[in-house]
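Subject: The two-chain model for you to look at

Hi,

Here is the structure I promised to pass on. Have a look at it first, and then read my notes below.

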Amino acid sequence: MASKGIQIPLSQLVRGQRATVECSALDALPADHRCLLAAMGMGEKCEVRVCRAGTPCIVQIDRTRLGLPRDVAERILVTLLESPRP
Amino acid sequence: MTLRVALLGNPNTGKSTLFNRLCGLRSKTANFPGSTVSHNVGRCVTRSGEALDIIDLPGIYSLRLELPESRLCADCLDGRIADGRPDATLIVLDANNLPRNLQFAASALRRGLPSVIAINMADLAQRRGLIIDEVAATESLGVPVIAISARTGQGVDRLLDHLTKTATRAQIPHPAIALPTSEPGSTASAVWAAETFARIAAHPPPSDAVEMTIHDRLDAAFTHPLLGILCFALMMSLLFASIYWLAQFPMEGVDGIFGWVGAIIAHGLPPGPLQDLVVHGVVGGVAATVIFLPQIVLLFFLLALLEDSGYLARAAFAVDRTMRRFGLPGQAFMPLLSSHACALPGIMATRLIPDPRDRLATILVAPFMSCSARVPVYALLTSMLFAGRPLAAGLAFTACYLLGALAGLGTAAVLRRTILKGPTLPMMLELPDYRLPSIRTALTIAVDRGFLFLKNAGSVILSIAIVMWWLSAYPKSPLAPEVVALELRAADLESTDFAAAQQLRHDAIRLDERNQQSGSFAGQLGRTLEPLFAPMGLDRQLTVAVLTSFLAREVFTTTVFVMAGAGTDAEGTEAGTLAAIRSAKRDDGQPLFTPPTSAALLVFFVLAMQCLPTLVVVAKETGSWRWPLLQFVYMTALAYGAAFLVYRLMT
């Protein structure tokens, strides 16, 4: 399980964990993916909660739920905020 | 002059529900000039009698993304397509997801068009404790903001009043309002949206922890690699089985109505060619297709309910893994699903697939998906195979859909590994909230599809029914010596054994009908080409039915009805449409539909490319006749080979 405060790929989080998307991390994605993700709500420093780990990786940003394939989730670096709730 | 209003918004904001609420059945599907991307235009009449033409644009996340749907919306707002710039925009936001939706609203307002903002699903937000302050929102955004519920109609009349005023007076957004200049998703835009949200949301929503956990579990199940696929297969099987169960009652009603109309006309017209044309050609021919209207309406009604419930987006992910193995992107799911209604909008929807190779592969396999034109044929043939066993017929129906999908995926895999080699783009999709689907919206969609089907039945199918009646009724053949002999024997027996005489007369009539059919233009054509289709068990009548179905698949049932001279059953009494087709005979007296023939035909119809308009659209979309030609030859050859195999295996 990922530790708090360390930058890790989004794909390594488990269900219930919360994290902040690192702005520079999105640069690893192709430009069209990056723009679409940002417009969908996954912008710089946004907070995500993992609803489902694996493929698809389902994350919640505010009230929006996004489904991402594993290869995209692997290229998004996040900083863990807290451990999953019991 | 009618005012034109563009309906804009993020996906899943209830735009289509609002469109259906405003326009109901007064909408039509159209294409923008110079583009094949379809959109709905509906006429809406306000309380003050003002007419508004509402243009339902696709849901987008930003007007500046390099995506086809974003370009289309931007072009529409800038007047580069359609009839110049719209008179106003109606921007629909989701009350439950305001911070992100506000960012989109700001980018749309910057276009400077007279605008009104509808904050939809305000009733659901209110239940979560979020109350929209309309006055503060109007002040913050510089345009009228109305909280509505498109589903219940709450606030819609007020929205229309504001929309009419804004469009009529050409009120542009207040120039003093400072909107972010960056696009949705940027830090500046997100900060502005958060501040605006804080001003317009009267009470912040309470925690959604419990609700989200339930959503998490449902998502985990529906998108699970194995469970998700099983759920999808179960859902589709239930859907098709329920179509069979529920549709049989209205189908009997439709059949009864056409039978009654035919009997009235037969009573009113003297026996002869005109009576035959109207009763068997027009009424019987159209009935053979229209009888399946209840199944089509039910299919779209149930699919609309599934989509509105939020399930289909999860199903897209469940099937995405499978699709990617076959070289198709997740974005191909919706075009392929749309192709189950009709390949034409499905192929047009492939414009939303960014990669050209992905798009071409999707276009080429889209006609494998079982469209609504195949439904009457599937329904007829599965009922021939499993008469009186609706569950088995429902499963066979599902198997047809699966076979079509598998053939499409298999073909895609071959294409993506050969002539269309290249990487597949990943699917990133928003998953809408689960909710109780709107019966009203589903009904509107189903009735709309039903009207389209009836319109087709009233034009193309009616014309083909008349032509087929003429081809199968002329030229008239002289009475055969066997018929004359039967009639003479009947006359001899009349005084001693009346029942036997009647039977002989009936046999004479049936024999003459078969001779007339055989000697007709259609019979001659069928006999000439029969050797081509005989390996899959078809006689001359079914050969002609299959040939005419290359114009439009659903014509098959009509042609079979007209060609088989149906209308009387074995006992010589008037029979229902399906019963009449079921009792139809070949020239040698054998049943027209044997189980091997029905199964072979079913497989043929699942796989064959039998739609002229689809070929034309594929040529238009790919910019070349090479692709539709390849598609036609490949699909027809595959269908023929598979049908031949099935027939041989079953005999």
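Two residues count as in contact if their C-beta atoms, placed from the backbone, lie within 7 Å. With that in hand, take chain B: among its contacts with a separation of 6 or more, 73% are between residues 24 or more positions apart.

Before you go further, keep in mind that this is a predicted model. The predictor gives the complex an ipTM of 0.89 and a pTM of 0.73. Chain B has an average pLDDT of 83, and 91% of its residues score at least 70. Two stretches of chain B need some care, though. Over residues 29–37 the pLDDT stays under 50, and the model has 25 contacts beyond four places in sequence for them. The pLDDT also stays under 50 over residues 567–574, where the model has 14 such contacts.

Now for chain B as a whole. DSSP runs give it 27 helices and eight strands. Its C-alpha atoms fill a box of roughly 100 × 55 × 45 Å along the principal axes. A compact globule of 651 residues would have a radius of gyration near 26 Å, and chain B has 29 Å, which agrees. As for burial, 49% of the 651 residues count as buried.

One helix to look at is helix 26 of chain B, residues 612–622. Its buried residues are B:Thr614, B:Val617 and B:Val618. Seen down the helix axis, these buried residues fall within an arc of 105°, so they line one face of helix 26.

Next, where do the two chains meet? In the model, 28 residues of chain A are in contact with 27 residues of chain B. On the chain A side, at least two residues each come from helix 1 (31–40), strand 3 (47–52), strand 4 (57–61), strand 5 (64–68) and helix 2 (70–73). Helix 1 of chain A gives the largest share, eight residues. Sorted by class, the side of chain A that touches chain B has 13 nonpolar, seven polar and eight charged residues.

There is also strand pairing across the two chains. Strand 5 of chain A is joined by two bridges to strand 8 of chain B (residues 429–430), and the two run antiparallel. If you want to find the spot, go to A:Leu66, whose bridge partner in strand 8 is B:Glu430.

Happy browsing!

Methods. Residues are numbered from 1 along each chain as its sequence is written. Chains are lettered from A and ligands numbered from 1 in the order in which they are written. This is a predicted model: local features need pLDDT of at least 70, side-chain atom pairs count only at pLDDT 80 or more; totals for chains, interfaces and linings use all residues. pLDDT is the predictor's confidence in each residue, from 0 to 100. Helices (H or I, at least four residues) and strands (E, at least two) are DSSP runs, numbered from the N terminus. Ala, Val, Leu, Ile, Met, Phe, Trp, Tyr, Cys and Pro count as nonpolar, Asp, Glu, Lys and Arg as charged, and the others, Gly among them, as polar. Two strands pair if DSSP finds at least two bridges between them. The radius of gyration is taken over C-alpha atoms; the globule rule is 2.2 Å times the number of residues to the power 0.38. A residue is buried if 20 or more other C-beta atoms lie within 10 Å of its own, exposed if 12 or fewer, and partly exposed in between; C-beta atoms are placed from the backbone. The arc is that of the directions from the helix axis to the C-beta atoms.
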